[in-house]
Amino acid sequence: MITLQETIRPSADLRNHYNDISKQCREGKEAVIITVDGRGDTVSISYEEYKNMKARIELLEILAEAEDDVKNGRTAPISETFADLRAILREDKVEI
């Protein structure tokens with residue numbers, strides 16, 4: 001499991017020390033929690049970490065859908081699935 005380090009900083013730091021926060025997110029691979037009046041308001045992470053996190057969430061959503069399909073009997077034998085894929089690929093080659 002991937003754990004992301006977290007740091008808490010006040011919103012004034014975002015305005016006054018943006019470059020430091022940006023570097024902390026990128027190089028330290030940290031999530032910086034920005035507070036307003038002592039309460040969590042927003043979170044800043046590097047763009048790379050955002051892309052990685054988004055990809056993991058999308059994969060989890062696909063896996064949850066697949067699990068639901070299995071639970072509800074929406075499955076097919078693997079031989080049928082591959083036959084369908086081969087047919088689709090053949091159709092695509094003809095159209096090219």
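Modeller: Buried means under 20% relative accessible area, exposed over 50%, partly exposed in between. Keep in mind that this model is predicted.

Colleague: By that scale, are R9 and D13 buried or exposed?

Modeller: R9 is buried, and D13 is too. Their side chains form a salt bridge, at 3.0 Å from N to O.

Colleague: How many salt bridges does a search of the whole structure find?

Modeller: Five. One of them joins the side chains of E48 and K51, at 3.1 Å from N to O.

Colleague: Why are E48 and K51 separated by about one helical turn?

Modeller: Because they are three residues apart in helix α3, residues 47-71. E48 has 47% relative accessibility, so it counts as partly exposed. K51, at 37%, also counts as partly exposed.

Colleague: Which residue forms a salt bridge with E49?

Modeller: R56, with the closest N and O atoms 3.5 Å apart. E49 counts as buried, at 12% relative accessibility. R56 counts as partly exposed, at 33%. Elsewhere, D68, D69 and R74 are linked in a network of salt bridges.

Colleague: Now the sheet. In what order do the strands stand?

Modeller: The order is β1-β2-β3, in an open sheet of three strands with mixed pairing. On average, neighbouring strands are turned by 30° against each other, direction ignored.

Colleague: How should I read side chains along a strand?

Modeller: In a regular strand, side chains alternate between the two faces of the sheet. Here, look at the pairing of β2 (residues 30-36) with β3: the two run antiparallel and are joined by five bridges. V32 has S44 as its bridge partner in β3. I34 stands opposite T42 in β3.

Colleague: What happens in the hairpin of β2 and β3?

Modeller: Two residues lie between the strands, and D37 takes a positive phi near 55°.

Colleague: Why does β3 lie largely in the open?

Modeller: Of the six residues of β3 (residues 39-44), the number buried is zero, so the strand lies largely in the open.

Colleague: Which helix lies across β1, β2 and β3?

Modeller: Helix α2, residues 18-27, which runs at about 145° to β2.

Colleague: Last, the surface. Which residues make the nonpolar patch?

Modeller: I78, F82, L85 and I88 make a patch of about 380 Å². I78 is found in helix α4, residues 78-95. At 58% relative accessibility, I78 is over the 50% cut-off, so it counts as exposed.

How values were computed:
Residues numbered from 1 in each chain as written. Predicted model: local features only at pLDDT ≥ 70, side-chain atom pairs only at ≥ 80, totals over all residues. Heavy atoms only, no water. Buried < 20%, exposed > 50% of the residue type's maximum accessible area, 1.4 Å probe, protein only. Helix = DSSP H or I, 4+ residues; strand = E, 2+ residues; numbered from the N terminus. Pairing = 2+ DSSP bridges. Patch = residues over 30% accessible without salt bridge, like charges linked within 9 Å, V, L, I, M, F, W, Y side chains within 5 Å. Areas by Shrake-Rupley, 256 points an atom, 1.4 Å probe, with all protein chains shown as cover. Salt bridge = Lys/Arg side-chain N within 4 Å of Asp/Glu carboxyl O. Axes fitted to C-alpha atoms, helices over the stretch in contact; angles between N-to-C directions. Contact = heavy atoms within 4.5 Å.
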